[in-house]
Amino acid sequence: MATVKEYSVEEKLASVLRLQKIDSKLDEIQVLKGELPIEVKDLEDEIEGLNTRQAHIENEIKGIQDFVANKKAAIKEAEALIKKYEKQQDNVKNNREFEAITKEVEMQNLEIKLAEKHIKDANEEVKDKSRVLESAKRAIGDKEANLKHKKGELEKIIAETDKEEKEFEKESEAAREKVDPRLLAAYEKIRKNYRNGLAVVTIVRDSCGGCFNAIPPQRQAEIRQHKKIIVCEHCGRILVDNDLDATITI
(Lines give C-alpha, C1' and ligand atoms only; values in the text may rest on other atoms or scores of the structure.)
Protein backbone atom coordinates (compact mmCIF):
# COMPACT_ATOMS: atom_id res chain seq x y z
CA MET A 1 0.00 0.00 0.00
CA ALA A 2 1.28 3.45 -0.96
CA THR A 3 1.96 5.76 1.92
CA VAL A 4 0.64 9.31 1.99
CA LYS A 5 3.33 11.83 2.85
CA GLU A 6 2.69 13.85 5.97
CA TYR A 7 3.69 17.47 5.59
CA SER A 8 5.12 19.44 8.48
CA VAL A 9 3.46 22.67 9.60
CA GLU A 10 6.35 24.61 8.09
CA GLU A 11 5.85 22.87 4.74
CA LYS A 12 2.13 23.57 4.88
CA LEU A 13 2.77 27.23 5.65
CA ALA A 14 5.35 27.47 2.89
CA SER A 15 2.99 25.97 0.32
CA VAL A 16 0.08 28.25 1.19
CA LEU A 17 2.41 31.27 1.35
CA ARG A 18 3.73 30.46 -2.13
CA LEU A 19 0.14 30.21 -3.38
CA GLN A 20 -0.65 33.57 -1.81
CA LYS A 21 2.31 35.21 -3.56
CA ILE A 22 1.26 33.81 -6.93
CA ASP A 23 -2.37 34.83 -6.44
CA SER A 24 -1.24 38.30 -5.36
CA LYS A 25 0.57 38.65 -8.69
CA LEU A 26 -2.67 37.74 -10.45
CA ASP A 27 -4.48 40.27 -8.26
CA GLU A 28 -1.97 42.94 -9.31
CA ILE A 29 -2.81 42.28 -12.96
CA GLN A 30 -6.51 42.66 -12.18
CA VAL A 31 -5.78 45.93 -10.39
CA LEU A 32 -3.87 47.07 -13.49
CA LYS A 33 -6.99 46.41 -15.54
CA GLY A 34 -8.87 48.37 -12.89
CA GLU A 35 -12.56 48.91 -13.45
CA LEU A 36 -12.18 48.65 -17.24
CA PRO A 37 -13.80 45.20 -17.62
CA ILE A 38 -16.81 46.36 -15.56
CA GLU A 39 -16.96 49.68 -17.41
CA VAL A 40 -16.85 47.91 -20.78
CA LYS A 41 -19.65 45.54 -19.73
CA ASP A 42 -21.75 48.42 -18.36
CA LEU A 43 -21.31 50.41 -21.59
CA GLU A 44 -22.27 47.39 -23.68
CA ASP A 45 -25.41 46.95 -21.57
CA GLU A 46 -26.26 50.66 -21.83
CA ILE A 47 -25.82 50.62 -25.62
CA GLU A 48 -28.01 47.53 -25.88
CA GLY A 49 -30.68 49.31 -23.82
CA LEU A 50 -30.43 52.46 -25.94
CA ASN A 51 -30.66 50.43 -29.15
CA THR A 52 -33.80 48.76 -27.81
CA ARG A 53 -35.20 52.19 -26.93
CA GLN A 54 -34.32 53.54 -30.38
CA ALA A 55 -36.07 50.61 -32.07
CA HIS A 56 -39.12 51.14 -29.85
CA ILE A 57 -39.31 54.86 -30.73
CA GLU A 58 -38.86 54.10 -34.43
CA ASN A 59 -41.72 51.60 -34.24
CA GLU A 60 -43.87 54.20 -32.49
CA ILE A 61 -43.10 56.80 -35.17
CA LYS A 62 -43.92 54.31 -37.92
CA GLY A 63 -47.20 53.50 -36.17
CA ILE A 64 -48.09 57.19 -36.05
CA GLN A 65 -47.09 57.66 -39.69
CA ASP A 66 -49.31 54.72 -40.66
CA PHE A 67 -52.11 56.36 -38.66
CA VAL A 68 -51.56 59.64 -40.59
CA ALA A 69 -51.57 57.77 -43.91
CA ASN A 70 -54.89 56.13 -42.97
CA LYS A 71 -56.36 59.51 -42.04
CA LYS A 72 -55.21 61.02 -45.34
CA ALA A 73 -56.80 58.12 -47.17
CA ALA A 74 -60.01 58.73 -45.17
CA ILE A 75 -59.95 62.42 -46.22
CA LYS A 76 -59.64 61.45 -49.89
CA GLU A 77 -62.49 59.01 -49.46
CA ALA A 78 -64.63 61.70 -47.78
CA GLU A 79 -63.80 64.20 -50.54
CA ALA A 80 -64.80 61.66 -53.16
CA LEU A 81 -68.09 61.07 -51.35
CA ILE A 82 -68.75 64.83 -51.18
CA LYS A 83 -68.30 65.10 -54.94
CA LYS A 84 -70.60 62.18 -55.41
CA TYR A 85 -73.26 63.70 -53.11
CA GLU A 86 -72.95 67.11 -54.77
CA LYS A 87 -73.71 65.49 -58.13
CA GLN A 88 -76.69 63.71 -56.60
CA GLN A 89 -78.02 67.05 -55.35
CA ASP A 90 -78.48 68.10 -58.97
CA ASN A 91 -80.88 65.22 -59.51
CA VAL A 92 -82.95 65.20 -56.29
CA LYS A 93 -86.70 64.92 -56.61
CA ASN A 94 -87.73 66.67 -53.40
CA ASN A 95 -86.49 68.67 -50.41
CA ARG A 96 -86.30 65.59 -48.21
CA GLU A 97 -83.72 63.98 -50.50
CA PHE A 98 -81.83 67.30 -50.80
CA GLU A 99 -81.66 67.70 -47.03
CA ALA A 100 -80.56 64.08 -46.56
CA ILE A 101 -77.73 64.52 -49.08
CA THR A 102 -76.80 67.87 -47.51
CA LYS A 103 -76.47 66.17 -44.11
CA GLU A 104 -74.23 63.53 -45.67
CA VAL A 105 -72.04 66.25 -47.17
CA GLU A 106 -71.86 68.02 -43.79
CA MET A 107 -71.00 64.72 -42.10
CA GLN A 108 -68.16 64.07 -44.55
CA ASN A 109 -66.86 67.62 -44.04
CA LEU A 110 -66.84 66.99 -40.30
CA GLU A 111 -64.98 63.73 -40.90
CA ILE A 112 -62.41 65.66 -42.94
CA LYS A 113 -61.93 68.29 -40.22
CA LEU A 114 -61.62 65.63 -37.55
CA ALA A 115 -59.11 63.69 -39.65
CA GLU A 116 -57.11 66.87 -40.29
CA LYS A 117 -57.00 67.54 -36.52
CA HIS A 118 -55.82 63.97 -35.91
CA ILE A 119 -53.14 64.40 -38.58
CA LYS A 120 -51.97 67.69 -37.06
CA ASP A 121 -51.77 66.17 -33.54
CA ALA A 122 -50.05 63.09 -34.91
CA ASN A 123 -47.45 65.14 -36.79
CA GLU A 124 -46.69 67.06 -33.60
CA GLU A 125 -46.24 63.76 -31.79
CA VAL A 126 -43.90 62.57 -34.56
CA LYS A 127 -41.81 65.75 -34.12
CA ASP A 128 -41.57 65.15 -30.37
CA LYS A 129 -40.62 61.52 -30.80
CA SER A 130 -38.15 62.40 -33.56
CA ARG A 131 -36.37 64.75 -31.14
CA VAL A 132 -36.23 61.96 -28.56
CA LEU A 133 -34.98 59.58 -31.27
CA GLU A 134 -32.19 61.95 -32.29
CA SER A 135 -31.21 62.33 -28.64
CA ALA A 136 -31.07 58.53 -28.29
CA LYS A 137 -28.95 58.25 -31.44
CA ARG A 138 -26.51 60.86 -30.13
CA ALA A 139 -26.33 59.03 -26.81
CA ILE A 140 -25.61 55.77 -28.63
CA GLY A 141 -22.88 57.47 -30.66
CA ASP A 142 -21.27 58.90 -27.53
CA LYS A 143 -21.48 55.57 -25.69
CA GLU A 144 -20.05 53.67 -28.67
CA ALA A 145 -17.13 56.10 -28.92
CA ASN A 146 -16.48 55.72 -25.18
CA LEU A 147 -16.79 51.94 -25.47
CA LYS A 148 -14.27 51.87 -28.33
CA HIS A 149 -11.84 53.89 -26.20
CA LYS A 150 -12.32 51.70 -23.11
CA LYS A 151 -11.99 48.50 -25.15
CA GLY A 152 -8.80 49.83 -26.68
CA GLU A 153 -7.33 50.51 -23.24
CA LEU A 154 -8.39 47.09 -21.96
CA GLU A 155 -7.07 45.26 -25.04
CA LYS A 156 -3.73 47.04 -24.66
CA ILE A 157 -3.43 45.96 -21.02
CA ILE A 158 -4.50 42.42 -21.88
CA ALA A 159 -1.92 42.27 -24.68
CA GLU A 160 0.78 43.41 -22.26
CA THR A 161 -0.19 41.08 -19.41
CA ASP A 162 -1.82 38.09 -21.13
CA LYS A 163 1.29 35.90 -21.27
CA GLU A 164 2.28 36.72 -17.68
CA GLU A 165 -1.28 36.19 -16.43
CA LYS A 166 -1.56 32.77 -18.08
CA GLU A 167 1.78 31.70 -16.59
CA PHE A 168 0.69 32.78 -13.10
CA GLU A 169 -2.65 31.01 -13.54
CA LYS A 170 -0.82 27.75 -14.34
CA GLU A 171 1.49 28.27 -11.36
CA SER A 172 -1.52 28.99 -9.14
CA GLU A 173 -3.21 25.74 -10.19
CA ALA A 174 -0.02 23.78 -9.58
CA ALA A 175 0.54 25.46 -6.20
CA ARG A 176 -3.01 24.66 -5.09
CA GLU A 177 -2.36 20.95 -5.56
CA LYS A 178 0.47 21.16 -3.05
CA VAL A 179 -1.53 22.89 -0.31
CA ASP A 180 -3.18 20.84 2.42
CA PRO A 181 -6.90 20.54 1.45
CA ARG A 182 -8.22 21.88 4.76
CA LEU A 183 -5.72 24.74 4.72
CA LEU A 184 -6.61 25.48 1.09
CA ALA A 185 -10.30 25.67 1.96
CA ALA A 186 -9.53 28.11 4.78
CA TYR A 187 -7.27 30.13 2.47
CA GLU A 188 -9.97 30.44 -0.20
CA LYS A 189 -12.57 31.45 2.36
CA ILE A 190 -10.34 34.14 3.87
CA ARG A 191 -9.39 35.52 0.43
CA LYS A 192 -13.06 36.05 -0.41
CA ASN A 193 -13.55 38.09 2.75
CA TYR A 194 -11.04 40.79 1.78
CA ARG A 195 -10.89 42.99 -1.31
CA ASN A 196 -7.10 42.85 -1.46
CA GLY A 197 -7.22 39.03 -1.52
CA LEU A 198 -4.67 38.66 1.29
CA ALA A 199 -5.23 35.50 3.29
CA VAL A 200 -1.61 34.91 4.31
CA VAL A 201 0.32 37.84 5.77
CA THR A 202 3.61 38.53 7.53
CA ILE A 203 4.23 40.43 10.74
CA VAL A 204 4.89 44.09 10.04
CA ARG A 205 6.25 46.22 12.91
CA ASP A 206 4.90 43.80 15.51
CA SER A 207 1.48 43.91 13.87
CA CYS A 208 -0.63 41.79 11.55
CA GLY A 209 0.22 42.65 7.94
CA GLY A 210 -3.43 42.46 7.05
CA CYS A 211 -5.38 44.40 9.68
CA PHE A 212 -2.38 46.04 11.44
CA ASN A 213 -3.53 45.08 14.91
CA ALA A 214 -0.69 44.42 17.36
CA ILE A 215 0.56 40.87 17.87
CA PRO A 216 1.95 40.08 21.36
CA PRO A 217 5.63 39.01 21.54
CA GLN A 218 4.71 35.54 22.80
CA ARG A 219 2.41 35.06 19.81
CA GLN A 220 5.16 36.20 17.45
CA ALA A 221 7.52 33.65 18.99
CA GLU A 222 4.98 30.88 18.38
CA ILE A 223 4.61 31.97 14.74
CA ARG A 224 8.40 31.75 14.25
CA GLN A 225 8.50 28.20 15.68
CA HIS A 226 6.27 26.82 12.85
CA LYS A 227 4.74 24.26 15.20
CA LYS A 228 1.15 25.16 14.42
CA ILE A 229 -0.82 27.32 12.03
CA ILE A 230 -1.69 30.59 13.72
CA VAL A 231 -4.27 33.09 12.53
CA CYS A 232 -4.76 36.70 13.52
CA GLU A 233 -7.33 36.90 16.29
CA HIS A 234 -8.68 40.13 14.81
CA CYS A 235 -9.01 39.44 11.06
CA GLY A 236 -8.57 35.67 10.81
CA ARG A 237 -5.69 35.83 8.31
CA ILE A 238 -2.96 33.17 8.40
CA LEU A 239 0.21 34.60 9.95
CA VAL A 240 3.78 33.76 8.86
CA ASP A 241 7.12 35.13 9.99
CA ASN A 242 9.41 37.21 7.82
CA ASP A 243 12.14 34.56 7.71
CA LEU A 244 9.80 32.06 6.11
CA ASP A 245 8.49 34.75 3.80
CA ALA A 246 12.05 35.48 2.62
CA THR A 247 12.54 31.84 1.55
CA ILE A 248 9.55 31.88 -0.81
CA THR A 249 10.22 33.46 -4.18
CA ILE A 250 8.25 33.23 -7.41
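**View 1. Thr202, a buried residue in strand β1.** In this predicted model, Thr202 has a relative accessibility of 16%, so it counts as buried, the cut-off being under 20%. You'll find Thr202 in strand β1, which covers residues 200-204. What does Thr202 touch, once neighbours within four places in sequence are set aside? Its contacts are Ser207, Cys208 and Gly209, plus Val240, Asp241, Asn242 and Asp245.

View 2. Follow the chain into the loop between β1 and β2 (207-208), and you come to Arg205. Its phi is near 50°, a positive value, and Arg205 isn't a glycine. Arg205 has a relative accessible area of 80%, so it is exposed, the cut-off being over 50%. Asp206 is found in the loop between β1 and β2 as well. Here phi is about 65°, again positive in a residue that is not a glycine.

View 3. Lys21 sits in helix α1. Is this residue buried, exposed or partly exposed? With 21% relative accessibility, Lys21 counts as partly exposed, because that class runs between the 20% and 50% cut-offs. Leaving out neighbours within four places in sequence, Lys21 is in contact with Asp245, Ile248 and Ile250. Now look for Val201: 180 residues separate it from Lys21 in sequence, yet the two C-alpha atoms are 9.9 Å apart in space.

**View 4. Helices α1 and α3, side by side.** The axes of α1 and α3 come within 9 Å and cross at roughly 165°. That makes the two helices roughly antiparallel, because the angle is over 145 degrees. The crossing of α1 and α3 is left-handed. On the α1 side, the residues making the contact include Leu19, Ile22, Leu26 and Ile29. On the α3 side, look for Leu154, Ile157, Ile158 and Phe168, among others. Sort the contact residues of α1 and α3 by class and you get ten nonpolar, three polar and nine charged.

**View 5. Helices α1 and α4, crossing with the other helix pair's residues set aside.** The axes of α1 and α4 come within 11 Å and cross at roughly 35°. This time α1 passes α4 in a right-handed crossing. Which residues meet here? From α1 come Lys12, Val16, Leu19, Gln20, Asp23 and Asp27, and from α4 come Leu183, Leu184, Tyr187 and Arg191. By class, this contact has five nonpolar residues, one polar and four charged.

**View 6. Tyr187 and the largest nonpolar core.** How many residues make up the largest nonpolar core? There are 21, and Tyr187 and Val200 have the most contacts inside it. Two or more residues come from each of α1 (9-33), α3, α4 (181-193) and β3 (238-240). The largest share is from α1, which gives eight residues. Zoom in on Tyr187 and skip its neighbours within four places in sequence: its contacts include Val16, Leu19, Gln20 and Asp23. Tyr187 also touches Arg176, Ala199 and Val200. There's a second, separate core too, with 16 residues, among them Ile75, Tyr85, Val105 and Ile112.

**View 7. Helices α2 and α3, packed together.** Helix α2 covers residues 36-89 and helix α3 covers residues 95-177. Their axes lie 6 Å apart, and the packing angle is about 165°. That makes α2 roughly antiparallel to α3, because the angle is over 145 degrees. As for handedness, α2 passes α3 in a left-handed crossing. By class, the contact of α2 with α3 has 31 nonpolar, eleven polar and 19 charged residues.

**View 8. Glu60 in α2, with Glu125 for comparison of positions.** Glu60 is part of helix α2. At 29% relative accessibility, Glu60 counts as partly exposed, because 29% falls between the 20% and 50% cut-offs. How far apart are the C-alpha atoms of Glu60 and Glu125? They are separated by 9.9 Å, although the two residues are 65 apart along the chain.

Conventions. Residues are numbered from 1 along each chain as its sequence is written. This is a predicted model: local features need pLDDT of at least 70, side-chain atom pairs count only at pLDDT 80 or more; totals for chains, interfaces and linings use all residues. Side-chain values use heavy atoms; hydrogens and water are left out. Axes are lines fitted to C-alpha atoms, for helices over the stretch in contact, and angles run from 0 to 180 degrees between N-to-C directions. Helices (H or I, at least four residues) and strands (E, at least two) are DSSP runs, numbered from the N terminus. Angles under 35 degrees count as roughly parallel, over 145 as roughly antiparallel, 65 to 115 as roughly perpendicular and the rest as oblique. A crossing is left-handed if the near helix is turned anticlockwise from the far one by less than a right angle, and right-handed if clockwise. Ala, Val, Leu, Ile, Met, Phe, Trp, Tyr, Cys and Pro count as nonpolar, Asp, Glu, Lys and Arg as charged, and the others, Gly among them, as polar. A nonpolar core is a set of buried Ala, Val, Leu, Ile, Met, Phe, Trp, Tyr and Cys residues joined through side-chain atoms within 4.5 Å. Buried means under 20% relative accessible area, exposed over 50%, partly exposed in between (1.4 Å probe, protein chains only). Contact means heavy atoms within 4.5 Å.
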